[in-house]
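Take a look at the model below. The report then goes through its sheets, its helices and the surroundings of its ligands.

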Amino acid sequence: MMERKYVLAINPGSTSTKVAVYQGKEKVILKKIEHSASDLEKFDKITDQYEYRLKLIMDWLEEVGIKTSSLVAVVGRGGLLRPMPGGTYLVTEKMIKDLKAGVQGEHASNLGGMLAKGIADKEGIKAYIVDPVAVDEFDDIARISGMPEIPRRSLLHALNIKAVSYRAAEELGEELKNLNLIVAHLGGGISVAPVKKGKIVDVNNANEMGPFSPERTGGLPVGDLIKMCYSGKYTYKEIKNKLRGKGGLVGYLGTNDAKEVTLMVKNGDKKAKLIFDAMAYQIGKEIGAMATVLEGKVDRIILTGGLAYSDLLTDYIKRMVEFIAPVIVYPGEDEMEALNGGVLRVLSGKEKEKIYENEVRIDD
Ligand SMILES: Nc1ncnc2c1ncn2[C@@H]1O[C@H](COP(=O)(O)OP(=O)(O)O)[C@@H](O)[C@H]1O
Ligand SMILES: CCCC(=O)OP(=O)(O)O
């Protein structure tokens, strides 16, 4: 029988599925499988893409000569599940049911746990998710929005935020439980979170609040938004797309590619400069707000995600927030490594695997 030694990590995104194979901490191979808009538009719901993405992953494994019989575990990026504490979770039937139902909405990461379990079950091994986008460690006060029917929700890039928090703690020679950080994940969507002694006690909701991002509007003047919704000019879907996908840089400049916008700015495009500066300005303001959550006791501010490659952006934010705390820039993200890391902590016994049903409130 083949030795089981590899962990397969799966990270489904809106336009790609990243897959990687690890042996211990070492990355053996990684691939970003791209999905064109025309490939995806055939599917009504995101979870309908399950068979399509599964086949692409299985074909890739075959192509690179990795047999599923050599896998020790499979891990996927976790989705919009019920609000739950951070950690490494076993994928259970109840979790699969919630991922399929989209209990907090639709998101490509809902496929992560489903794909991981689909592959793991064939081999009789365990499937996990790590720090899903539904991680909720809010202080109760952070849930109050001002309208009882609509609580503030914790939806964020928890996987990368937790991973860079641990990285900063290690580099500072401190334990995370002794640090207060503000982490801004600056990607296609933006999450700005105060990480208080390792706990994410607040965050803008990366899907619909906080700063605008390359493709999302962030928070909007609600009165004008209500008028637009009732104007009769737009369907529900069109409004949703305007907020997510066609908002932010896409709305103003027609592209979600910040590299392209940076070039426009460097070539003297005044509109591009105003919009790019405004995105930095809103991120700086959100960081300032989160500093008040930590009552000003902030050890470090961390800027991470794809946008953090842009000095134009990070320099602007630094000018605004460096008075609060020193700024660390970790450009990009390594969610694949973070997924594998979560599984290794469980396999090595450093951490206990969590069971979804024991950690969330299920009333239905
Ligand atoms: N070198 C770079 N300079 C400026 N922006 C960049 C750079 N690399 C990536 N980006 C921008 O980062 C954004 C995507 O960030 P990323 O973290 O990859 O997003 P996600 O994983 O949420 O799709 C895009 O707007 C992309 O253009
Ligand atoms: C749902 C919050 C996390 C998020 O926005 O992730 P993506 O940027 O990958 O869509």
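## Ligand 2

A residue is near a molecule or strand if its C-beta atom, placed from the backbone, lies within 6 Å of it. By that rule, ligand 2 is surrounded by Gly13, His107, Val133, Leu155, Leu156, His157, Gly187, Gly188, Gly189, Ala206 and Asn207. This is a predicted model: local features need pLDDT of at least 70, side-chain atom pairs count only at pLDDT 80 or more, and totals for chains, interfaces and linings use all residues. Residues are numbered from 1 along each chain as its sequence is written, while chains are lettered from A and ligands numbered from 1 in the order in which they are written.

How do the residues of the shell around ligand 2 divide? There are 4 nonpolar, 7 polar and no charged residues. (Ala, Val, Leu, Ile, Met, Phe, Trp, Tyr, Cys and Pro count as nonpolar; Asp, Glu, Lys and Arg count as charged; the others, Gly among them, count as polar.) Domain 1 (6–137 + 336–359) and domain 2 (172–332) each give at least three residues to this shell. Those domain bounds come from an automatic or database domain assignment.

## Ligand 1

Ligand 1 has 16 residues around it. Gly187, Gly188, Ala258, Gly306 and Tyr309 come nearest. The shell divides into 4 nonpolar, 9 polar and 3 charged residues. Its largest share, 3 residues, comes from helix α9 (residues 258–266). Helices (H or I, at least four residues) and strands (E, at least two) are DSSP runs, numbered from the N terminus.

## The sheet of 7 strands

One open sheet has 7 strands in the order β3-β2-β1-β4-β6-β5-β12, with mixed pairing. Two strands pair if DSSP finds at least two bridges between them. The edge strands, β3 (26–34) and β12 (354–355), each pair on one side only.

Strands β1 (residues 6–12) and β2 (residues 16–23) pair in the antiparallel sense over 7 bridges. Tyr6 stands opposite Gln23 in β2. Helix α2 (residues 50–63) lies across β1, β2 and β3, running at about 40° to β2. Axes are lines fitted to C-alpha atoms, for helices over the stretch in contact, and angles run from 0 to 180 degrees between N-to-C directions. Contact means that the C-beta atoms of two residues, placed from the backbone, lie within 7 Å.

## The sheet of 5 strands

Another open sheet has 5 strands, ordered β9-β8-β7-β10-β11, again with mixed pairing. Its edge strands are β9 (199–200) and β11 (327–331), and each pairs on one side only. Helix α10 (residues 270–293) packs on this sheet and touches β7, β8 (190–196) and β10. The direction of α10 makes about 20° with that of β8.

Strand β7 (residues 180–186) and strand β10 (residues 300–305) pair in the parallel sense over 5 bridges. His185 stands opposite Thr304 in β10.
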